[in-house]
Amino acid sequence: MNYCKTIEPEAKPPVIPTQRVRPMGVEDIPEILELENVCWLPEIRANEATLRARFEMGHISMGMLVNEKLVGMTSFSYTHFSPDDPDGLPGTFREFSSRPLHDDYNTAFVYTLNIHPDYRGDTLTRELIWTGIDRLREDNCVYMLGAGRCPSYNGNQGAGIETIQPSPEFRKTIDNSMRTGKLPATRDLIIDPVLRFYRRTLGCKFLRVVPEFLPGDTPSGNFGVIFYKTL
Ligand SMILES: CC(C)(COP(=O)(O)OP(=O)(O)OC[C@H]1O[C@@H](n2cnc3c(N)ncnc32)[C@H](O)[C@@H]1OP(=O)(O)O)[C@@H](O)C(=O)NCCC(=O)NCCS
C-alpha cells in the first residue's frame, strides 16, 4: 500500500499477523540502544541511564519486532491535559519525557516514535502506531499528545539516519510564527515530511510551535511542534 501519496488522515489499516508488537522492559535496553544508534543523531539519542529512568518511572515502551529483531519503538507516559487549557504543557522534550505518571491521567504523552531506516515507508509503522493507540484506549486515555520534529527547517543529509531536503518555505512559516506568536495553518506545517506524516497517520491537531524544544536536533532548528489527537 502506498501511504506516501495522501495528505488526508488515513483509516486504521488491517493488522498484519507476521509482525509483532510487544511491551519492552529494562531487559530490552541493549536492543533499544542499538535502535537509537541507527535512528537518531548522536546529540539526541537516549542513553542507558535515561532509558532505565524512564522504565523506573513507569513509562511504557512498545517495540515492533520482525524475526525477533527490534525495528521500531514508541514510548509514552500518562498525564492530565485539556485542549481548552494547554498552558501546562511541557516546554522541552526533556520535560515531556521525564514526567512521572499522573495519578489522575486522561492523556498519553507520546515522546518517542522511531523506525529503523530499513523498515520505513512500510505498513510496519502503521501497525506499531495503531497497536500503541489500542493500548492507550485500553488504559482509558482520552487524548494523545505528541511533539513532532520538523527536520525540513534545516534539512538533513545525515548518514543513513534520514535524508530530508531543507524547505525555505517551511522555515519561513516557522520564523513567522516565532515573530507573530501565531500558530501556522496546518497546510503550511505539513510542508514538513515528519509533520505531514503525523497529520496523515493520526489526523492530529497542531497546538503550538516550541523553540529550543530539543537542543541538538539541528535539522529541526531545535523546534518541536506539539499536537494532539482525541482517541
Ligand atoms: C518519522 C518516522 C517514524 C515515519 O515512519 P515512516 O515509515 O518513514 O513513514 P512514511 O513512510 O509515511 O514516511 C513519512 C515521510 O518521511 C519520508 N521518509 C520515509 N523514509 C524516510 C527515510 N529513510 N529518510 C527520510 N525520509 C523518509 C517519506 O518520504 C514521507 O514523506 P512524504 O510525505 O513526502 O512521502 C520514521 O521516518 C522515523 O523513524 N524517523 C526517524 C525518527 C524520527 O524523526 N521520529 C519522529 C520523531 S517526532
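Visitor: What should I know before we start?
Guide: This model is predicted: local features need pLDDT of at least 70 and side-chain atom pairs count only at pLDDT 80 or more, while totals for chains, interfaces and linings use all residues. Residues are numbered from 1 along each chain as its sequence is written.

Visitor: Why are α1 and α2 called oblique to each other?
Guide: Helix α1 covers residues 29-39 and helix α2 covers residues 48-56, and they pack at an angle of about 125 degrees with their axes 10 Å apart. Angles under 35 degrees count as roughly parallel, over 145 as roughly antiparallel, 65 to 115 as roughly perpendicular, and the rest as oblique. The pair is therefore oblique. The crossing of α1 and α2 is also right-handed.

Visitor: Which residues of α1 and α2 meet?
Guide: From α1 come Ile 29, Ile 32 and Leu 33, and from α2 come Glu 48, Leu 51 and Arg 52. By class, this contact has four nonpolar, no polar and two charged residues.

Visitor: What makes Val 21 buried?
Guide: A residue is buried if 20 or more other C-beta atoms lie within 10 Å of its own, exposed if 12 or fewer, and partly exposed in between, with C-beta atoms placed from the backbone. Val 21 has 22 other C-beta atoms within 10 Å, so Val 21 is buried. Val 21 sits in strand β1 (residues 20-23). Leaving aside neighbours within four places in sequence, its contacts (C-beta atoms within 7 Å) include Met 62, Glu 127 and Leu 128.

Visitor: Why is Glu 95 called partly exposed?
Guide: Glu 95 has 13 other C-beta atoms within 10 Å, and that count makes Glu 95 partly exposed. Glu 95 belongs to helix α3 (residues 93-96). Glu 95 and Phe 213 are 118 residues apart in sequence, but their C-alpha atoms are 9.5 Å apart in space.

Visitor: Is Asn 222 buried or exposed, and how do you know?
Guide: Asn 222 has 21 C-beta neighbours inside 10 Å, so Asn 222 counts as buried. Asn 222 lies in the loop between β8 and β9, and has a positive phi of about 65 degrees although it is not a glycine.

Key. Axes fitted to C-alpha atoms, helices over the stretch in contact; angles between N-to-C directions. Helix = DSSP H or I, 4+ residues; strand = E, 2+ residues; numbered from the N terminus. Left-handed = near helix turned anticlockwise from the far one by under 90°. Contact = placed C-beta atoms within 7 Å. Nonpolar A, V, L, I, M, F, W, Y, C, P; charged D, E, K, R; others polar.
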